[in-house]
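Let's take a walk through this structure together. Please have the sequence and the 3D view open as you read.

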2 protein chains.
Amino acid sequence: MIDYKKLAGKNIADLIPYQPGKPIKELERELGIKKAVKLASNENPLGIPEKAKQAIIENLHEMNRYPLGDAYYLREKLAEKLGVKKNELIFGTGSNEIIELLIRTFVKNGETVLSYAPSFSVYGIIAQAAGSRCDWVKMKEGFEMDFEGLKNAVTDKTRIVFLANPNNPTGTYFSEDLLVDFLESVRDDIIVALDEAYIEYVDAGDYPDSLKLLKKYKNLVIMRTFSKAYGLAAFRVGYAIGDAEGIDMLNRVRQPFNVNMLAQIAATAALDDTDFLRRSIKTNREGKIYLYKEFNNLGLKYIPTQANFILVNVGDGKRVFDELLKEGVIVRYLGPGLAEYVRVSIGTESENNFFIEKLKKVLGK
Amino acid sequence: MIDYKKLAGKNIADLIPYQPGKPIKELERELGIKKAVKLASNENPLGIPEKAKQAIIENLHEMNRYPLGDAYYLREKLAEKLGVKKNELIFGTGSNEIIELLIRTFVKNGETVLSYAPSFSVYGIIAQAAGSRCDWVKMKEGFEMDFEGLKNAVTDKTRIVFLANPNNPTGTYFSEDLLVDFLESVRDDIIVALDEAYIEYVDAGDYPDSLKLLKKYKNLVIMRTFSKAYGLAAFRVGYAIGDAEGIDMLNRVRQPFNVNMLAQIAATAALDDTDFLRRSIKTNREGKIYLYKEFNNLGLKYIPTQANFILVNVGDGKRVFDELLKEGVIVRYLGPGLAEYVRVSIGTESENNFFIEKLKKVLGK
C-alpha cells in the first residue's frame with residue numbers, strides 16, 4: 001500500500017497546511033449578519049481599477065486562448081515605467097510564486113534562508129516545503145529591524161535573505177542607509193530579496209530607492225505586486241526585478257503560462273489608471289490618520305505604519321478578534337507571538353468608522 | 001560577484017527555457033496579414049462559455065479581494081459532479097502546476113519519473129528543474145503506447161509514471177484493460193499519474209473509467225483541466241483527483257492562493273454550461289470527420305485522434321509549418337523527432353476550411 005506521507009518526507013508532512021477562512025457569504029450566513037466588513041487581508045478597499053474592468057470585459061471573448069507565456073504587453077509597459085530592461089523582470093502568480101521560484105532555483109541541499117520575525121510566514125513555509133528552512137531573527141523593541149542581528153545570523157549556508165519593507169504584519173520599515181550598509185556587509189553571493197509589496201503606500205522620506213541600488217548590487221532582487229495598491233488581489237500577479245542572469249535562471253524553473261491572461265490584461269490596464277492609484281493612496285493616508293486619532297482617543301498603542309494596515313495593541317488579541325467577528329468586522333489575529341495585537345487593514349471611510357464603532361463596543365468604551 | 005548560473009546548478013542552467021510565441025497581433029503585423037487562424041495550442045475554438053462570461057462580469061467589482069484559498073465553491077460543485085469527496089480534489093494553475101506539485105512533493109533525491117515518447121514535454125522539464133529526470137519509453141508503430149516497454153523501464157528509483165490519455169501530441173489512447181494490467185503489475189508505491197486533459201473529446205468505447213479505478217488503486221492520480229473542452233485556457237485551472245492522503249500532501253506544498261478567483265468563478269459557471277460543452281464536443285467531432293476526409297483526399301496519412309487535434313504527416317513538417325504561417329495559419333511543428341508531421345488543432349468549420357485551403361496551396365495541390 002502506498003504511504004504518501006512517507007513519500008512526501010518529514011519536511012512536508014510536518015508542514016501545517018494553510019487553513020483557508022470560510023467565504024464571507026458563508027460566514028455571514030453562520031453569524032446571521034448582513035454585510036461583514038473585511039479588514040483582514042490588506043486588500044485595496046476601493047475595488048478594482050475601472051480601466052482594468054473595461055479591459056477585461058473587452059477581452060473576455062478571447063479567453064479560450066492560452067496566456068502570453070512571457071506577459072509580452074505587461075512586460076513592455078512595466079519595463080518602461082520602471083526604467084529597467086525587459087529581461088530584468090519576471091512575473092508570478094502573486095509574490096508567493098516569486099518567493100517559491102527564488103527558493104526552488106537557488107536554495108540547494110543544506111542551504112538556508114534568513115529573515116526577521118515577525119514577518120511574512122510564507123518565507124518559512126516555502127523553505128520547509130523545499131527541504132530547507134528559514135532562520136528568523138527577532139525584531140527589536142517597537143518592531144524595528146535588527147540588522148546587526150541579521151548579520152550575525154548569516155552562516156556559510158545562508159543563500160537568501162528576505163527583507164520585507166515595509167514589513168508585514170508590523171508596518172515598520174527600514175531606511176536606505178541601513179539597506180546599503182547591509183548589502184555592503186554580507187557576502188555578495190547571498191541573494192538579498194527585498195519584498196516591497198506595500199511600497200506604493202510609503203511616505204517616509206528615507207525609504208530606499210531600491211531600483212537605483214539594483215544597478216550596483218547584482219545580488220539584490222526586488223519583489224512587488226499588483227495585489228495591494230493596484231487592487232488586483234484576485235488576479236494573482238506579482239513580479240521581481242533583478243539581474244538579467246538571475247532572472248533568466250528563475251525563468252527556466254517558471255511554468256510558461258503561470259500568469260493567467262486576465263491578470264496580465266488587468267495589470268497592464270491598471271498601470272495606466274493613475275487616478276485609481278492616486279485615490280488608493282489618498283484613501284489609505286486619510287484612513288491612517290483617522291485610525292491613529294481614534295486609537296489615541298481609546299488609549300490604544302499602535303505601531304506607526306508605512307503600509308495599508310496597522311498593528312494595534314488591544315490587550316487580548318484573540319478575544320477582540322472573536323468579538324469583532326460576531327459584530328461583523330473581520331480583522332487578523334496573528335497568534336500567540338503577538339497575543340496582545342490585532343492587525344487591521346485600512347479600509348474606506350465608512351469601513352473604518354464601522355470598525356471603530358464596533359471596537360469601542362467590544363472594548364466596553 | 002554573484003554567479004547565478006552556478007547557484008542554480010547544472011540541472012537548471014541546462015534547461016532550455018520556454019520560447020514563447022509572439023502575440024498573434026504582433027505576428028499579423030509582421031506578416032502583413034489581417035486575421036491569422038490559430039490551430040496550434042489545442043484551444044477550444046468556440047470562445048468561453050456564456051455562463052462563465054456572465055459570472056465574471058457580475059463578480060468583477062469584488063476582484064480586489066484575495067481568492068478563496070480552497071476554491072470553496074468550485075470544489076463543492078466539482079466533487080458533486082464527479083462523485084468524489086472534497087478532500088480528494090486539488091486545483092492548480094493549469095495541469096502544469098499539478099504536475100509540478102506531484103514532482104516537488106513526491107520525487108526526492110535520486111528518484112525519477114517515467115513516461116512514453118512522444119508525449120507532454122513538461123513532465124521532463126519539471127523533473128529536470130526539480131533535480132530529477134524523466135525516462136522516456138518510445139511508443140510503438142502508429143504511436144501506440146508500449147506498456148511492456150514501460151514495465152521494463154521501471155526501476156527501484158521510479159516514483160511517478162505519467163500517462164497522458166489521450167496522448168498529446170499523438171491523439172492516441174489506451175484502453176481500460178491495458179491500464180488495469182499496468183496498475184496490477186507495477187509496485188504499488190509508484191504513483192500512476194493519468195493525464196486526462198482531453199477526456200471530454202473521447203468517443204472510444206474501451207476508454208478507461210478512471211474514476212472507478214481510483215477506488216481500488218490508491219496510487220492512481222487523475223489530472224484534468226478546464227483549458228480544453230471547457231474553453232478556459234486563459235484562466236489556468238487544472239485539477240487532480242486522488243487518494244485523500246496524497247492530495248493532503250500536495251496541498252501542503254501548494255500556495256494557498258494559487259488559483260486566481262476569476263478562474264474559480266469561470267470554472268464553476270462552466271460546469272453548469274452543459275450546452276457549451278455539448279457544442280464544443282459536437283464541433284470537434286464534425287471537424288474531425290471533415291479533416292479526416294480532406295486528408296484522405298490529399299493522400300495524407302494522419303493518426304486517428306481521441307482529442308481535439310490531429311497529427312498529420314505532411315512530408316516536411318517544418319516547411320509546411322513555415323509556409324502555412326505566411327498564409328496566416330498557425331499550426332504546430334513538433335521538432336526533428338516528428339519531422340514529417342504537423343499537429344493541427346481542430347477548429348470551427350470556417351477555420352478548418354481555411355486551413356485546408358491553405359494546406360492545399362502549400363502542398364501544391
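## A question to start

Which side chains meet in a salt bridge at 3.2 Å, N to O? They are those of Arg104(A) and Glu100(B). Before we go on, please keep in mind that this is a predicted model.

## Where the chains meet

The count of salt bridges between chain B and chain A is 6. The interface also holds 36 residue pairs in polar contact, with both residues at pLDDT 80 or more.

The size of an interface is often given as the accessible area lost when the parts come together. Here, the area buried between chain B and chain A is about 7,500 Å², and carbon and sulfur atoms give 60% of that. In chain B, the residues that lose the most area to chain A are Tyr4(B), Tyr66(B) and Arg252(B), which together make up 11% of what that side buries.

## The sheet of chain B

Now let's turn to the strands. Chain B has an open sheet of 7 strands with mixed pairing, in the order β2-β8-β7-β6-β5-β3-β4.

For a closer look at one pair, find strand β6 (residues 191-195) and strand β7 (residues 220-225) of chain B, which run parallel and are joined by 4 bridges. Within this region, Leu194(B) stands opposite Ile222(B) in β7(B).

## The sheet of chain A and its helices

In chain A, 7 strands form an open sheet with mixed pairing, and their order is β2-β8-β7-β6-β5-β3-β4. Its edge strands are β2 (89-92) and β4 of chain A, each pairing on one side only. Neighbouring strands of this sheet are turned against each other by 25° on average, direction ignored.

Ile90(A) has Ala240(A) in β8(A) as its bridge partner. Helix α5 (residues 72-82) of chain A lies across β2, β7 (220-225) and β8 of chain A and runs at about 125° to β2(A). Helix α11 (residues 244-253) of chain A lies across β2 and β8 of chain A, and runs at about 30° to β2(A).

## Backbone details in the loops

Two cis peptide bonds in chain B deserve a look. One runs from Ala117(B) to Pro118(B), with omega near 0°, and Pro118(B) is found in the loop between β3 (112-117) and α7 (122-129) of chain B. Another runs from Asn165(B) to Pro166(B), with omega near -5°; Pro166(B) lies in the loop between β5 (158-164) and α9 (176-185) of chain B.

Over in chain A, which residue other than glycine has a positive phi near 60°? That residue is Phe143(A), and you can find Phe143(A) in the loop between β4 (134-138) and α8 (147-153) of chain A.

Terms used: Residues numbered from 1 in each chain as written. Chains lettered and ligands numbered in written order. Predicted model: local features only at pLDDT ≥ 70, side-chain atom pairs only at ≥ 80, totals over all residues. Heavy atoms only, no water. Buried area = accessible area lost by both parts, 1.4 Å probe. Salt bridge = Lys/Arg side-chain N within 4 Å of Asp/Glu carboxyl O. Polar contact = N/O pair within 3.5 Å; in protein donor to acceptor, adjacent residues only side chain to side chain. Pairing = 2+ DSSP bridges. Helix = DSSP H or I, 4+ residues; strand = E, 2+ residues; numbered from the N terminus. Axes fitted to C-alpha atoms, helices over the stretch in contact; angles between N-to-C directions. Contact = heavy atoms within 4.5 Å.
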